[in-house]
Amino acid sequence: MRDDFGRTPDGTPVRRHTLRAHGITAAVLTYGCVIQSLRVPDARGDEGGVVIGLDSMEDYVTRSRYFGAVVGRYGNRIARARFTLDGRDHELPRNHGRNGLHGGPLGFDKRVWDAVEVDGSRIVLEHISPDGEMGYPGELRARVTYTLAAGTDGGELRIDYHAVTDAPTHVNLTNHSYFNLAGAGTVDDHELTLDADRFLPVDEEFIPDGKPEPVADTPFDFTEPHRIGERIADDHPQLKLAGGYDHCYVFRAPAVDDVPVPVARVTEPSSGRIMLVSTTEPGVQFYSGNMLADAEYGRGSGLCLETQHFPDSPNRPDFPSTVLRPGEEYTSTTVYRFTAGRPTGEAAPQWP
């Protein structure tokens, strides 16, 4: 189903497409590839929303903190909003202090994408980013495919990213949905497990500061399930700096042959909802919603698990490369699978 959602400030029409499969329903906007809503059943069979969404186009222009959007060309931060590629210096807009964030102030999250293929449970959106858009070299043809699928015990959302370029550039796409499996309140009681034994500490500008460090014996250790609110106020300098969790985790077992591997599990006790995350990416930015200050969605209203390459990779040759060259294809896949265990007090399925 398609309906008109509104217009951008320059008058461009925005459409909303509703996708359905047994056990899952999604509403997707052509503006920013935004997942406006995602509805799945709880342990009692009652369907409810599990992502933060806004009601109007005006809200997305004035209130959104990247709610549900695809961010790019480069998700996360690039130090000093600059990089050198093949001996050429490239300057980007500074939209996070001295640094570049999520592709700049007019990144992919603020573009109206073309819906080039749509059926009942799948949509393909495309954006042609011209050479020099937000400072990035090369014309980039980017595609994002959202596919809903039914499972034996729930439904899943699969996100496939694809891009090609006519000149060397950097690409790091991800989705910035804020999840709340209870559908309201904060995510403090959500339990998180991450298959990551290292994380990237950051400096005062949220740029990775040095090499990945072990999570063992720190509040950043989610190799076993922990409530998000359990240690978020601990006396750890990285938690104090970010006001909570806003860090990239390095997965222990990278994907092989572009097959997504299980990397994260989130459980919410009151609803019994469980979200299992698999990806081909080497890391994930776990953000606990520390800076949310909306009238409706305050601090901790949602959590982000942004599967991606590492922040500031264009300036860090020791990190996995994000360079895309002509003749190559950028591909990335992340799957969010939803099931329902038992409500509070009853055992949930085991990892993964």
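## Charges, rings and strands in a predicted model

At 41% relative accessibility, Asp 189 counts as partly exposed (buried is under 20% relative accessible area, exposed over 50%, partly exposed in between, with a 1.4 Å probe and protein chains only). The side chain of Asp 189 meets that of Arg 227 in a salt bridge of 3.0 Å, N to O. This is a predicted model, in which local features need pLDDT of at least 70 and side-chain atom pairs count only at pLDDT 80 or more, while totals for chains, interfaces and linings use all residues. Residues are numbered from 1 along each chain as its sequence is written, and side-chain values use heavy atoms, with hydrogens and water left out.

**Salt bridges**

- The count comes to 22 salt bridges, each being a side-chain nitrogen of Lys or Arg within 4 Å of a carboxyl oxygen of Asp or Glu.
- Arg 63 and Asp 294 join their side chains in one of them, at 2.7 Å from N to O.
- Arg 63 lies in the loop between α1 and β6 and Asp 294 in the loop between β24 and β25, so this pair ties together parts that are 231 residues apart in sequence. (Helices are DSSP runs of H or I with at least four residues, strands are runs of E with at least two, and both are numbered from the N terminus.)
- Arg 63 is partly exposed at 24%, whereas Asp 294 is buried at 17%.
- Arg 111 forms a salt bridge with Glu 133, with 3.3 Å between the closest N and O atoms.
- Glu 133 is buried, with a relative accessibility of 11%.
- Arg 227, the partner of Asp 189, is partly exposed at 31%.

**Aromatic rings**

- There are 15 aromatic pairs, meaning rings of Phe, Tyr and Trp (its six-membered ring) with centres within 6.5 Å; planes under 30 degrees apart are stacked, over 60 edge-to-face, and the rest tilted.
- Phe 67 and Tyr 178 make an edge-to-face pair, 5.1 Å centre to centre with 80 degrees between the planes.
- That pair links distant parts of the chain, 111 residues apart.
- Phe 67 is buried at 0%, and Tyr 178 is buried at 2%.
- Phe 220 and Tyr 245 are also edge-to-face, with 5.4 Å between centres and 85 degrees between planes.
- Arg 231 lies over the face of Phe 222, 4.9 Å from the ring centre (the rule asks for NZ of Lys or CZ of Arg within 6 Å of the centre and within 35 degrees of the ring normal).

**The five-stranded sheet**

- Five strands form an open antiparallel sheet in the order β19-β18-β21-β24-β25; two strands pair if DSSP finds at least two bridges between them.
- β19 (213-214) and β25 (304-308) stand at the edges with a single partner strand each, so one side of each is left without a neighbour in the sheet.
- β21 (residues 246-251) pairs with β24 (residues 283-287) over five bridges, and His 247 stands opposite Phe 286 in β24.

**Around Lys 110**

- Lys 110 sits in the loop between β10 (100-101) and β11 (114-118) and is partly exposed at 35%.
- Beyond its neighbours within four places in sequence, Lys 110 is in contact with Tyr 31, Tyr 66 and Pro 105 (contact means heavy atoms within 4.5 Å).
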